[in-house]
Amino acid sequence: MTTPGRRPPTPLRLLRAAHPDKLHAWHGSCSHLTYLEHPLNKEEMIVMNLTMASYHVIRVEEAGKAGLEKGVLYLNTKDLQGLVLSDDRITDMHLEIAYPGEETRIVHILDAMEPRIKPEQQARCFPGFLGLPTTVGAGRTNRLAGTAVIATAATVLLPSGQGTGVQEFNEGVIDMSGPGQSRCACSDTINICLCMTFRENLSTLDFDEAARMALIKVSDRIAEVTLDRQPDEETVYKTGVIDPDLPNVAYINQVQSQGHICRTFLYAMPMEGFFTPTILDPTELFDGAVVSGNYRNHLRTCTWLQQNNPYVLELFRRHGKECNFVGQVVSRGHYDDLGTKIRSGNFVAKLAAHLKAHAAVLSLEGTGNSNVDYMATVKALENSGIVAVPVVHEFGGPGGDEEPLFDFAEEAVSVVSGGGIDRRIELPPMKRVIGGDSIRFTNSTSYNKSFDPHQPYTAIAHFFFCGFRSLQNHGWRCEEY
Amino acid sequence: MCVTALYNVAVQIGTNRIVMSGSKFHYPMGRPDLPPEDEKEWRLRQTRATLAILEKPVEGVTVFTQQDLFP
Amino acid sequence: MIKVIHYMNQFGAGFGSEDKADMALGSFDGPKGAGIAFQGFFGDRAVIVKTIYAGDNYANEFKEDFLNEAMEIIRAVKPDVLLAGPAFNSGRYGLACGSLLKRAKEEFGVPGVAGFGPDNPGIAEYKKDCYGILTGAAANSMRQAIAPMAGLALKLGGGETPGPARQEGYIPRGIRLNVYTGKSSAVRATEMALARVAGQKWETELPRVVYDKVAPPAPLADLSKATIALVSEGGVVPLGNPDHMETNNSTKWRPYALSGDELTPGAFEVRHGGYLTQDVTKCPDRMVPYDALRTLEKQGIIGKAHPEMLSASGSMANLSTMQRLGREMGIYLKQKAVDAVLLTAT
């Protein structure tokens, strides 16, 4: 048990890569060394050493040639169309650009990504989807800061009621202005919308695969403009113990992965089936090691939010100053039975202990059933002597006077509130809608009625893109009155 | 009385007679992994043992495990 | 000028103690007793125009008369805000304060502030219906109760909506509303984690809820004579979903007639956003075990298999809504002479 006020115990000695730009280069080049000469014998820390080069974008325009000049990103529309339509499962694609502050609503969203590329090419972003699943998170990565590429489909796959309950598409919109703007993801980026039409009678497997690859290929192609160009900003990220006098904090990232169209990919591998919690370096998230294939838009964490994971960014901000960011454990929720949930929670705690964490900050993708896995994880952490601070979204009904959480472990003594997901909000009409001309929600406040998304309507967090997580990210919480 | 694979929620909200399902939460009274005839047998045995709990007095929140159903 | 009416019991109003607990309701113009201290705090921002009093026994045993008489005065005077007590730990006094403020809010929309000691039953009963200030246990803590009660009364009387309980100092009423802090959950979670490991002060943003207990019904005397009904929150509905059962955040339940010896596959579908429904769609008995129930009926193990299933869908449902559905189902089944229920939950 951590005793407050005491200096944290001496961390485990790890090794430093011989060449900071090439992860694991020493594997090949050090095997001839004796153990005394081996880097493992040095009292230094291994880090995934990543330099993030940011290219700030203030305007996006369609043009005949791709380019990046004084913050203006030029998209070669024809080239991007050719890239997307080379997959014959997609029959049409056009681009639309939306800016924060516009009276624009984006609907029928499949996923959002930030255009990123690794200039050195021995590893590629979105590993496993692009090229082999080479380990990422080290070396150099270029990003087009301030943008997101958003995939939309004219007709969505498996709308609510036609899927298997968990596996279905749930509408979740992005409002670029108004009261909805602080309740959804990607409302403060310049959004490059890939508006796609898919071939009729595609299986959902084909639809899902085609959509994801189109978005990945376009994100990669757009990011190519950064190659051989000077960035506006560079940030270096290194996980590990920088100062042994500071407390060690880990990040626990619980994702949702149930099966087809409700899943998350780790190095292009679906995370359900036989998946156990694992250590993933936070910088691997920056390079697209985790991709979202979860179409339940209200509770999901889209790929953009994993690439720009706010917990990782915040812990890096304080890294070496108020704490050591010692690493990340990735787990999934909604396991089939209680025993597996408990086992998963225990594994997370064990891995966090191996990271030498004194405390952990947790985030959840999912709800209801996944709360049970989440609480099992909090229990296991606290009972291992690791402080656990989970961020939760609250239920509570429209009036906020109903139960906030239905699984609440005794051990969850320090909880951060992500706001109530059932509270209602009036959304204004929007001048422009991108992605589709009719939307439908199957929540009880507006069951199954399709309507024109230009119209005003009463919304709850369930109606927004990454709605639950966005309430948290924007800084909403519940206060008791 | 409540049959569920996730008894901890039922415990927290104060359900009095809770029976732990012998299967997964997607099908608390089902075993799709078994051949159909065996599954029907399984379900009959489970239902019978579960209903027998109704004749037992309880004093508050009580969880009956599979071992309690089939000692 | 904010108009205030102040309520006290027989002791607070200066008439006497237990010996005067049967006093009927009466009133004075202006402040009395603790009211004078409240008036001192108000200065010229508010005026206590009337003081109402009643004996604690009268207020509780003749509750309707007590409340009607108090409302008469309030109707005539039209105050902007009410003050009640402080009752400290005096139970009947606290209940009288709470019931009066609740009725005034319901009938006239007038807000009210009461003072309750930590063990006063008025808190559990009425904290939702008024603004309660936590006082000391006994009247010797009167001085400390004045400013918090009067300050909040001024806000309410002036038409302001009070902020969250922990900022304004009133007893939290169990209503949790969204507030925009502008500080992301990532920042707040990291701060909380660092405060905990450093042994510094921290406060959870969501205190743990403890649920009410329900007394368990008596066991069945004889299962072989009992009528058993099947209830489920697994969302099994007839094909076509005729009653529009919602997949998530549902608010309804329905009884569906069952015939034959099983739930025929193909005659039902599943509406539930919280589990993988394909195996139940293929064989609905996996969620609603009617086939087993009918067999047990034929074998004489149970008296009767009630020929209906009661369906609800529990994905992302509110607990209070589900409690209401449960109560309604219970009433329905009792009318149908059902003795016990087997409820399957996901």
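A residue is called buried when its relative accessible area is under 20%, and exposed when that area is over 50%; residues in between are partly exposed. The model on display is a predicted one.

**Stop 1: chain A as a whole**

Select chain A. Its 481 residues include 65% that are buried. The chain contains nine helices and 26 strands. Of the contacts in chain A that join residues at least 6 apart in sequence, 78% are between residues at least 24 apart.

**Stop 2**

Side chains of opposite charge can pair when their charged atoms come close. Over all chains of this structure, a search finds 57 salt bridges.

Select A:Glu272 and A:Arg263. These two residues form a salt bridge, and their closest N and O atoms are 2.5 Å apart. Are the two partners buried or exposed? Both A:Glu272 and A:Arg263 are buried.

Next, select A:Lys379 and A:Glu411, a salt bridge whose closest N and O atoms are 3.9 Å apart. This pair links distant parts of the chain, 32 residues apart: A:Lys379 belongs to helix H8 (residues 369-383) of chain A, while A:Glu411 is in the loop between strand S21 (387-394) and strand S22 (416-420) of chain A. A:Lys379 has a relative accessible area of 36%, so it is partly exposed. A:Glu411 has a relative accessibility of 19% and therefore counts as buried.

**Stop 3: where chain A meets chain C**

Show chains A and C together. In this interface, 73 residues of chain A are in contact with 64 residues of chain C. The size of an interface is often given as the accessible area lost when the parts come together. For chain A and chain C the buried area is about 6000 Å², and carbon and sulfur atoms give 56% of it.

Six salt bridges are counted between chain A and chain C. To view a salt bridge between C:Arg176 and A:Glu394, select both residues; their closest N and O atoms are 2.6 Å apart. Between chain A and chain C there are also 24 residue pairs in polar contact. Several elements of chain A give two or more residues to the side that touches chain C, including helix H6 (310-318), strand S20 (359-364) and helix H9 (467-474). Which element gives the most to this side of chain A? It is S21(A), with six residues.

**Stop 4: where chain B meets chain C**

Now show chains B and C. The contact takes 34 residues from chain B and 41 residues from chain C. About 2900 Å² is buried between these chains, 63% of it on carbon and sulfur atoms. In chain B, the residues that lose the most area to chain C are B:His26, B:Leu51 and B:Glu55, which together account for 19% of what that side buries.

Four salt bridges are found across the interface of chain B and chain C. In one between B:Lys40 and C:Glu262, the closest N and O atoms are 3.7 Å apart. Strand S1 (2-4), H1 and helix H2 (36-52) of chain B each give two or more residues to the side that touches chain C. H2(B) provides the largest share, nine residues.

**Stop 5: a helix of chain C**

Select residues 319-335 of chain C, which form helix H11. This helix has 17 residues and reaches 24 Å from its first C-alpha to its last, close to the 24 Å expected at 1.5 Å a residue. Its buried residues are C:Leu319, C:Thr321, C:Leu325, C:Met329, C:Tyr332 and C:Leu333. Seen down the axis of H11(C), these buried residues fall within an arc of 150°, so they line one face of the helix. The face turned away from the buried side carries the exposed residues C:Arg327, C:Ile331, C:Lys334 and C:Gln335.

What covers the buried residues of H11(C)? The cover includes helix H1 (7-13) of chain B, together with elements of chain C, among them strand S8 (227-232) and strand S12 (304-312). After the helix comes C:Ala337, whose phi is positive, near 60°.

**Stop 6**

Select C:Glu107 and C:Arg75, whose side chains meet in a salt bridge (3.3 Å, N to O). C:Glu107 lies in helix H4 (residues 91-108) of chain C and C:Arg75 in helix H3 (residues 63-77) of chain C, so the pair ties together parts that are 32 residues apart in sequence.

Finally, select C:Gly300, in the loop between helix H10 (290-298) and S12 of chain C. The C-alpha atoms of C:Gly300 and C:Ser27 are separated by 70 Å.

Technical notes:
Residues numbered from 1 in each chain as written. Chains lettered and ligands numbered in written order. Predicted model: local features only at pLDDT ≥ 70, side-chain atom pairs only at ≥ 80, totals over all residues. Heavy atoms only, no water. Helix = DSSP H or I, 4+ residues; strand = E, 2+ residues; numbered from the N terminus. Expected span 1.5 Å × (residues − 1). Buried < 20%, exposed > 50% of the residue type's maximum accessible area, 1.4 Å probe, protein only. Arc of directions from axis to C-beta. Contact = heavy atoms within 4.5 Å. Buried area = accessible area lost by both parts, 1.4 Å probe. Polar contact = N/O pair within 3.5 Å; in protein donor to acceptor, adjacent residues only side chain to side chain.
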